[in-house]
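Please look over the sequence and the model shown here before reading the report.

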Amino acid sequence: MLVLGKIIAVHSYKGGTGKTLLSLNLSATFAEHGKKVCLFDLDFRAPSLSTLLKIEKSEHWLNDYLNGVCEIDKVLIDLSSRVHNGGQLFVGLANPSTEAIRDMSAKDRKWEMRALGRLLALRTSILGDKGFDYLILDTSPGLQYSSINAVVSADLVLVATTFDRSDVDGTRRMLRELYDLFEKKTEVVLNKVLDVSSRTGKEDVQTKLKDIYQVPLLGIVPCFCDVLKSEGGVIFAQEKPAHPFTKILEEMANRIDGIA
Amino acid sequence: MEKAAVSKQEVLAKRPMQVLEKIRENLERLNEKMEIMIELQKHGKKDLQQPLPDAPLDVMTLLSMPDHLRKTAMSLCRMGRATAEEISLQTKRARAVESAYLNQLVIMGYLKKERNGRKAYFFVDKENQGVSLG
């Protein structure tokens with residue numbers, strides 16, 4: 001079967017770098033561009049997509065799919081009614097209950113191996129059979145089983161990073177010791193950047209980043225007060241099409257289309 | 001009577017073909033064993049250290065593997081079940097090289113191998129894996 005879609009994992013070394021906001025808004029941007037997109041919350045230790053999307057209950061969670069309890073069809077929630085330009089947006093959520101989080105934290109290596117098998121099978125089911133253009137995986141930060149499984153399953157890894165010194169150091173190590181070993185196509189997104197209003201400021205940041213990470217830079221996202229004030233409750237790509245953050249997301253989406 | 005004679009002739013005609021096929025299969029097996037020996041000489045025995053009993057082929061195991069074996073194991077994880085020829089198309093390495101690496105992974109306990117006629121198929125141990133890798 002010819003599979004044309006791509007799997008993108010959004011990962012970071014540290015927490016709080018904006019992975020979920022980036023994953024959600026990038027998915028919405030692709031959908032607004034008329035694509036068929038699926039977004040999965042694979043952050044089983046701190047699920048947040050259900051809160052951001054204001055979905056309190058789901059019949060089946062991604063936890064159930066990875067546990068082998070149900071097929072992936074049961075997990076998908078259709079949010080296409082929120083998309084304006086004929087695109088389609090589906091999500092799969094991680095179970096946010098404390099019991100589920102505890103259960104997922106106690107899995108053994110054999111379970112993680114089966115989970116990898118199930119994630120790899122998504123290429124056939126989601127991209128192949130269902131014809132999605134993009135499957136975006138929002139992961140847990142750092143070197144955890146669930147996030148490495150997602151990275152291994154992906155065609156492209158987007159690394160969300162900030163200029164925090166420990167984040168820079170850890171991200172650099174992760175690029176060398178994880179992504180390079182799995183020969184992953186990787187792009188960096190620098191988030192929450194202060195002072196990139198001038199052109200020279202932006203160029204300085206770009207040069208600095210390329211020197212540090214030695215991988216392509218997908219985009220620089222300035223620290224927008226509007227984004228922080230929205231407390232994650234606004235999907236900018238859908239609700240604020242003229243906002244500079246939305247424009248940056250569109251540039252990123254176009255660039256990813258080019259890569260893919 | 002005539003019919004019986006024809007059938008006997010057919011059996012006799014097939015016999016050399018069967019013998020040749022058996023020889024070819026044995027030569028293939030011998031070839032695989034030689035490939036393993038060559039790999040052992042090249043990389044030393046350290047790659048073939050036995051894993052813990054029942055150690056699964058998970059991402060942490062993949063990370064700790066030598067680069068040449070990881071590439072092969074990753075391709076097989078993606079394909080689920082494949083011949084050395086099919087893996088070599090993915091990795092762009094020679095079939096014989098992939099055959100040797102796959103056999104190493106079998107010896108290490110991470111993969112299983114089974115023959116279907118002339119072809120040898122490699123796959124992740126279903127008992128451990130539990131699901132198809134699709």
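## Sheet of chain A

In which sense do β3(A) and strand β4 (residues 88-92) of chain A pair, and over how many bridges? They pair in the antiparallel sense, over two bridges, where strands count as paired if DSSP finds at least two bridges between them, and where helices (H or I, at least four residues) and strands (E, at least two) are DSSP runs numbered from the N terminus. Within β4(A), Phe90(A) is the bridge partner of Asp78(A), and Val91(A) is that of Ile77(A). This is a predicted model, in which local features need pLDDT of at least 70 and side-chain atom pairs count only at pLDDT 80 or more, while totals for chains, interfaces and linings use all residues. Residues are numbered from 1 along each chain as its sequence is written, and chains are lettered from A and ligands numbered from 1 in the order in which they are written.

β4(A) also pairs with strand β2 (residues 36-41) of chain A, here in the parallel sense and over five bridges, with Gln88(A) of β4(A) as the bridge partner of Lys36(A). Four of the five residues of β4(A) are buried, so this strand is largely enclosed by the rest of the structure; a residue is buried if 20 or more other C-beta atoms lie within 10 Å of its own, exposed if 12 or fewer, and partly exposed in between, with C-beta atoms placed from the backbone. The open sheet as a whole has eight strands in the order β3-β4-β2-β5-β1-β6-β7-β8 (chain A), with mixed pairing. Its edge strands, each pairing on one side only, are β3 (77-78) and β8 (217-222) of chain A.

## Helices and a loop

Helix α8 (residues 165-179) of chain A lies across β6 (156-161) and β7 (185-193) of chain A and runs at about 165 degrees to β6(A); axes are lines fitted to C-alpha atoms, for helices over the stretch in contact, and angles run from 0 to 180 degrees between N-to-C directions. Helix α12 (residues 244-259) of chain A packs on the sheet as well, touching β6 and β8 of chain A, and its direction makes about 175 degrees with that of β8(A).

Phe163(A) lies in the loop between β6 and α8 of chain A, and counts as partly exposed because it has 15 C-beta neighbours inside 10 Å. Leaving aside neighbours within four places in sequence, Phe163(A) is in contact (C-beta atoms, placed from the backbone, within 7 Å) with Val168(A) and Val193(A).

The secondary structure of chain A comes to twelve helices and eight strands. Of the 260 residues of chain A, 46% count as buried, and the C-alpha atoms fill a box of roughly 55 × 40 × 40 Å, taken along the principal axes.

## Confidence

Chain B averages a pLDDT (the predictor's confidence in each residue, from 0 to 100) of 80, and 78% of its residues score at least 70. Confidence in chain B is lowest in helix α6 (residues 126-129) of chain B, at a mean of 54, and highest in helix α4 (residues 84-91) of chain B, at 95. For the complex, the predictor gives an ipTM of 0.78 and a pTM of 0.82.

Methods:
Contact = placed C-beta atoms within 7 Å.
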